[in-house]
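Hi there,

Here is the structure I promised to pass on. Have a look at it first, and then read my notes below.

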Amino acid sequence: MTVFWLILKNDWLRLRRGRALAALLGIVLLSGLYAFLYGQTFVSRQQATIAEVKQDERTRLDSLAAWARLDTSIAGNKPKWATATNAYEVNVPEGYRFAVHEPSALAPLSLGMRDLFPYYQDVGGRAIYRQLFQQEIANPQKLSVGHFDWAFVVIFLLPLLLITLSYNLLSTETELGTYSLLRSQPVTLRQIVLAKVALRLLLVMAFLVGLTLLAVPVLGINLAQDGGLLVKFLLVSVAYLLFWGGVIFAVVSFQKPSAFNALVLLGCWLVLVVALPTLLQQVLTMSQPIDRTTFENLVRDQYSQEQPDSVVLKPYYARHPDYYFPNVSAKGVFDIRPYYARNEQLDRTLAPLVEQYETAVAAREATVSGWHWLLPAINALELFNGLAGTSATAHRDYIRQIRDFHTRWNAFFLPKVFKNERLTPADYDQFPAWQFQSTAPGFAIGSGLLKLLLGTLLLFGLGWWRLNR
Amino acid sequence: MIRQLIARNEFTQTRRDRRFVVAAGVVLLLLVVATWTGFRNYRSLADKREQANQSARAAWLGQTEKNPHSAAHYGTFAFRPKSDLSFLDFGLDTYTGASVYLEGHRQNDAKFSAAEDATVLIRFGEMTVAFVLQLLIPLLTIFLCFSTFTRERVENTLKLLVSQGASTPDLYWGKVWGYSQVVGLMVGPALLLAGGLLFAQTGFDATADTGLRLVLFVLLYALYFFLFVAGSVFVSARSSSSRNSLLTLLGVWIVACIILPKATANLGESLFSVPSSYAFRKQINEDQEKGIDGHNPSSARAKELEKKILAQYGVDSVSKLPVNFDGIVMQEGEKYTSMVYQKHFGALQDQFERQNSLADIVGFLNPYLAVRDLSMGLSGSDYAHFLDFKAKAEQYRFGLVERLNNHMKTFSKTGDWEKTVSRDFWAQTPDFQYQLPPVGWALRRHALSGLALMLFGSMLVWGVRRGLKTVSIA
């Protein structure tokens, strides 16, 4: 066994003395630090905007609440008081709230789709489908290039680091003429290769763990609260690197020259990280097309505007008998009730369209996850995004929460609108409030991790078998 | 003469190399698949948008009788047509909005980009022809050339060649010429297919502009590949071993094609910030309310307008005006809001261009960035073409709303919102027809990248000539 350790020690010394290791680690370290910085800048910008919209909401609602308490015996107060106690005015134009998709603590590590989708949304009593499908301002060129975040470093760059450190781990012995010397020692080839791969894996993983831990103070992650998520994140990174260790082990087991190994390993990287995902993307847009031209109806306010009030209201009351108050009249003021009936009619028209769209997107996602076995990079990125709450699925869940909130918001105001009741100052404390529920804590990584590990096992098995021959 | 012999030798040897034939076969297959899928996607998008434009027009023509201003609120849509060459390079088309809602009072941003309904895959890019040409062919070129000098040095065949009277530049340029032919052989068939598809879909009646764009597209990539071949052969000549040569070249590829594009875009975004859509809308509303300079509130503007119009018609009250004052107010309001929107959208676009300019500048050192930029520009899928579409759609919107407001002004009296125009009035409004700007316009937009590429090419040739003087043959 001492020989074994001697070989490893010698290997380590050689690695350490080579200029390559320091240079490569330096580059990846800089990339990693930049990735943290970038992720942090990106998220803190979104947080600043979130703070701004929350401030906007607080100012508006506080001043409305103050107006609702005004003394109406003073003539000048009357209009303000009238606005603040009018259920429609607060429900729609004045008191709308912001539904915010709060970034999770891990969001800076894997920004995912947070640049593609809006992360705050003003929600009022209008038809909900006229409010959704907003977009945030973003530079299309930046969107197309994607993020330089930690997930990118792990998925794209770390495998390259590992490949550069390992492609010649056995062939160099042949090329330096030390191969026969090595083989004359009482250790098997399997042990040697496995130990050398393990040494390099350990090196890269120490680096990975070190940098991930560095993220804790840099990004201000609260370990007590999000430590579990961070551990899961680290587990996925480790499994992904193990997979690449397996690829290297399998390729090296063929005992080809260094240049050949380098070509084949880079070829593997190219196919798994670059070619297959992009190809699948192309095929997917062709085989499961999504037509967004039908969405124009979401934008244009044309439905049911020309139907008389009674035609719109009749089916509405049939659906909501509890809102039917035949004795309430809205004499002298603009009757707002048909407005709500029209909104609901509009939502009912658009709901199937949106549902169809969401089903189509979910079907695309299902196709992609069917390919996870073959696409470790995509698998890993989806796990990262899931843990960081930045996936498209997380966004769809956010949209669902907005719809639920819209229902609660209107359920509070509509009885008052239809009864033609004024809001009281006490009502202001009862307003439904937005509470975002992140999908990240409940995100399961088991099956994704299993797929990664099974691929790893297969590759190590292949290498093990080859090295015996 | 000797150069041609060397070139022919490299060409023949490469063709006989089984590993290379396999790799080249895979890349050619990818290229053909990318051409085909790109074309299918392009056709389906182009058809859908064409149909959508027609149905938007039909909806406009078929709308009920209403007063002209209500029609402005009803509005219409402009769907962005796909440019002919966009199937070769999707550029930013996936990330820019596909349609604009054109209505009164407001300039909407283009909405519904394809990226929004993509899965996580979109983060890895799209396998388009441009993707293969920009990323994979250079990599294959590296595989092809990295050992061309180092191997011959080990095998001692270089000495043999020198004894035949070949100089170092002969050897170098001969090899470059040989490998360039190999790359041409690899890319040629796919580009022929692309050209065939392109012209077949237009019934072999493509415009001269499209033809010219395609020719320039091919020339651009020919230059790009030449740079990679020349650079790779040069690195091989200067390297002590095949391994060093390969590592150097792969390092260059990873930095130039993977790391730098992301880093420049990300850094650009961090350096030049843009407002959130919340702040953007707020600023626009404030400018409309308080005036673009902050000292000209809308109420004051309205009063001033009333005074001016009353004086113009020589009457003392709005009700005595022979025209519909509301029409005038709305048209003046439209002019003002347009100005406000133009100011803010303009500032935003400038900021985006500043962010992108970082990549243009780095393009002087990294030909990948320059080629990416020019390729998108020639394909009509870059940001500039998108802005051109948006500007023309806005022009059309303003013209349409102006026409409706002016009609309102003359055909009814002030305060009359009930009077409607007959349906045939809708047919008198012009249809929106988008024309792609000519190739010269596109080239001017990307002059910097063109310059960067030329400069890089000249520097490379100059550097090679200098460097070859000190290359030891044996």
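To follow the first part, you need to know that two residues are in contact if their C-beta atoms, placed from the backbone, lie within 7 Å. Keep in mind, too, that this is a predicted model.

Let's start with where the chains meet. On the chain A side, 63 residues are in contact with 65 residues of chain B. Several helices of chain A give two or more residues to that side, among them H2 (19–68), H6 (150–166), H11 (258–287) and H14 (337–370). The largest share comes from H11(A), with 18 residues. If you sort the chain A side by residue type, you get 34 nonpolar, 17 polar and 12 charged.

Next, a pair of helices within chain B. The axes of H8 (residues 208–238) and H9 (residues 242–271) come within 8 Å and cross at roughly 145°, and the crossing is right-handed. Which residues meet there? From H8(B) they are B:Ser232, B:Val235 and B:Ser236, and from H9(B) they are B:Ser245, B:Thr248 and B:Leu249. That contact is made up of two nonpolar and four polar residues, with no charged ones.

Last, something from a record. An unreviewed UniProt entry marks stretches of chain A as "transmembrane region", including 197–221 and 443–465. In the model, residues 197–221 of chain A are 92% helix and 0% strand, with their end C-alpha atoms 32 Å apart. For residues 443–465 of chain A, the span is 87% helix and 0% strand, and the end C-alpha atoms lie 36 Å apart.

Cheers

Definitions and conventions. Residues numbered from 1 in each chain as written. Chains lettered and ligands numbered in written order. Predicted model: local features only at pLDDT ≥ 70, side-chain atom pairs only at ≥ 80, totals over all residues. Axes fitted to C-alpha atoms, helices over the stretch in contact; angles between N-to-C directions. Helix = DSSP H or I, 4+ residues; strand = E, 2+ residues; numbered from the N terminus. Left-handed = near helix turned anticlockwise from the far one by under 90°. Nonpolar A, V, L, I, M, F, W, Y, C, P; charged D, E, K, R; others polar. UniProt positions renumbered as here; feature names shortened; annotations may be inferred.
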